[in-house]
Amino acid sequence: MTIAPRQGLGVFSGYHSAQVDAAIRLNTNESPYRPPAELLKRWSEAVSELALNRYPDRSAKRLRSAIAKFHHTAEEAVFIGNGSNEVIQTILLAYGTHGATSTSFEPTYAMYETISRITGTRYLPIERNGDFRIDIPSLGASLAEINAAVTFLCSPNNPTGLNESPEVIASLLELAAGLVVIDEAYGQFSAYSHVGEVAQRDNLVVVRTFSKIWSLAGMRIGYCIGPPEVIELLWKVALPYHLDSSKQLIAAMSFDYVAEMEERVAFLVAERPRIETALAGMEVDFWPSQANFVLFRPRGRDGGELWRRLVDKGVLVRDWSHWPRLENCLRVTVGTRTENDAFLGALGEALTEK
Ligand SMILES: *Cc1c(COP(=O)(O)O)cnc(C)c1O
């Protein structure tokens, strides 16, 4: 006899992103670049000096202060987790569970629903309109009906790449009953950020990650900026000593290399229109992106089959073709110039094959 899991986890499928061996990996929106060599050298030397027999600094003071400085805010406004997924989980543990509801705007990042389920929070999504925009006329009624304790907004949105305008976000902040959490995993790639507005609001939290722009997906570091009362609660809910000493160190040291990060981001942002222009000349439709990836849909072809053909040519992209409302869609991460050329070459070939 197997022991039944807790209610709500029975038919749970968890997170899925195919891990397939491929020469060109453009499926999970990581940075194609390693962190700066000098940072890695300094960090690895410093790691050997750490007192690893001792627990890490529980309040991650040095890192917290570096993040606060980067965003021109106070340390009291910063919570840090092991990746932004853990930040989202901590927010739901603090504001969800026990019959509370959460919401977001579909299609969007699947982890809002997944982590809601894991934390026993009822996820009641709102559908985006036909252009994958938030439908402003119906927003007030949808939010009132759901009455969510936590409303997630991914902007730029994964997987569509679209940014919500400041006007849409202003409406959302006015209309939402509970906390509004803007996930800016891709904020640095887009025209604007909402971090600066946190100080004027008591219901806004902005989440960021080291996984994309800082080239540190392997280290698992994310954080959020929010009102001090919210942040204080998140630190209480997190497990003690949850951020190990070595990750606190590399994340804090990363802020000595802001110019290098901005240069990497600028390069990827410049590659984006090059990919979009090439896509515009092929038999695909795509959504203009504000992030480091582009969502596209082949015309009159099966997306899953196209995905397989690209894998056969050594290029791994993300298959969204079976996702509701994203029929036949694939998503490609912006990589190095060589990787992008390999992708465009493989796609061009695959689309002309029978
Ligand atoms: C990649 C991504 C993250 C990052 O998650 P981490 O746990 O920080 O690696 C968060 N939100 C969205 C929408 C993402 O696409």
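How many of the six residues of E12 are buried? Five of them are, so strand E12 is largely enclosed by the rest of the structure; buried here means under 20% relative accessible area, exposed means over 50%, and partly exposed lies in between, with a 1.4 Å probe and protein chains only.

1. Basis of the note. This is a predicted model, in which local features need pLDDT of at least 70 and side-chain atom pairs count only at pLDDT 80 or more, while totals for chains, interfaces and linings use all residues. Residues are numbered from 1 along each chain as its sequence is written, and side-chain values use heavy atoms, with hydrogens and water left out. Helices (H or I, at least four residues) and strands (E, at least two) are DSSP runs numbered from the N terminus.

2. The open sheet. Five strands form an open sheet with mixed pairing, in the order E1-E13-E14-E12-E11; two strands are taken to pair if DSSP finds at least two bridges between them. Strand E1 (24-26) and strand E11 (284-287) stand at the edges with a single partner strand each, so one side of each has no neighbour in the sheet. On average, and with direction ignored, neighbouring strands of this sheet are turned by 35° against each other.

3. Partners of E12. Strand E12 (residues 293-298) pairs with E11 in the antiparallel sense over four bridges, and the two form a hairpin with five residues between them. Within this pair, Trp287 stands opposite Leu295, and Val284 stands opposite Pro298. E12 is also joined to E14 by four bridges, again antiparallel, with Val294 opposite Val332.

4. The helix on the sheet. Helix H10 (residues 303-312) packs on the sheet and touches E12, strand E13 (315-319) and strand E14 (330-333), where contact means heavy atoms within 4.5 Å. The direction of H10 makes about 155° with that of E13; axes are lines fitted to C-alpha atoms, for helices over the stretch in contact, and angles run from 0 to 180 degrees between N-to-C directions.

5. The nonpolar cores. A nonpolar core is a set of buried Ala, Val, Leu, Ile, Met, Phe, Trp, Tyr and Cys residues joined through side-chain atoms within 4.5 Å. The largest one has 102 residues, and Ile80, Phe210 and Phe343 touch the most other members. Helix H11 (residues 337-352) gives the largest share of this core, six residues. A second, separate core has seven residues, including Phe132, Leu162, Trp320 and Cys329.

6. Ile80 and its strand. Residues up to four places away in sequence left aside, Ile80 touches Ala60, Leu63, Arg64, Ile67, Val87, Ile221, Gly222, Tyr223, Trp235, His242 and Leu243. In strand E2 (residues 78-81), Val78 and Ile80 point one way, Phe79 and Gly81 point the other way, and all are buried. E2 and strand E10 (residues 222-225) run antiparallel and are joined by four bridges, with Phe79 standing opposite Cys224 of E10.

7. The H1 and H8 pair. Helix H1 (residues 37-47) and helix H8 (residues 245-254) pack at an angle of about 145°, and their axes are 10 Å apart. The contact is made by Leu39, Leu40, Arg42, Trp43, Ala46 and Val47 of H1 together with Ser246, Leu249, Ile250, Met253 and Ser254 of H8.

8. Helix H4. Met111, Tyr112, Thr114, Ile115 and Ser116 are buried in helix H4 (residues 111-118). The buried residues of H4 pack against helix H3 (84-95), strand E3 (101-103), strand E5 (122-123), strand E7 (150-154) and strand E8 (179-183).

9. Backbone points to check. Most residues other than glycine have a negative phi, and most peptide bonds are trans. A cis peptide bond joins Ser155 and Pro156, with omega about -5°, and another joins Asn158 and Pro159, with omega about 15°. Asn29, in the loop between E1 and H1, has a positive phi of about 60° although it is not a glycine, and at 1% relative accessibility Asn29 counts as buried. His72, in the loop between helix H2 (61-70) and E2, has a positive phi near 50°, but His72 is exposed, with a relative accessible area of 74%.
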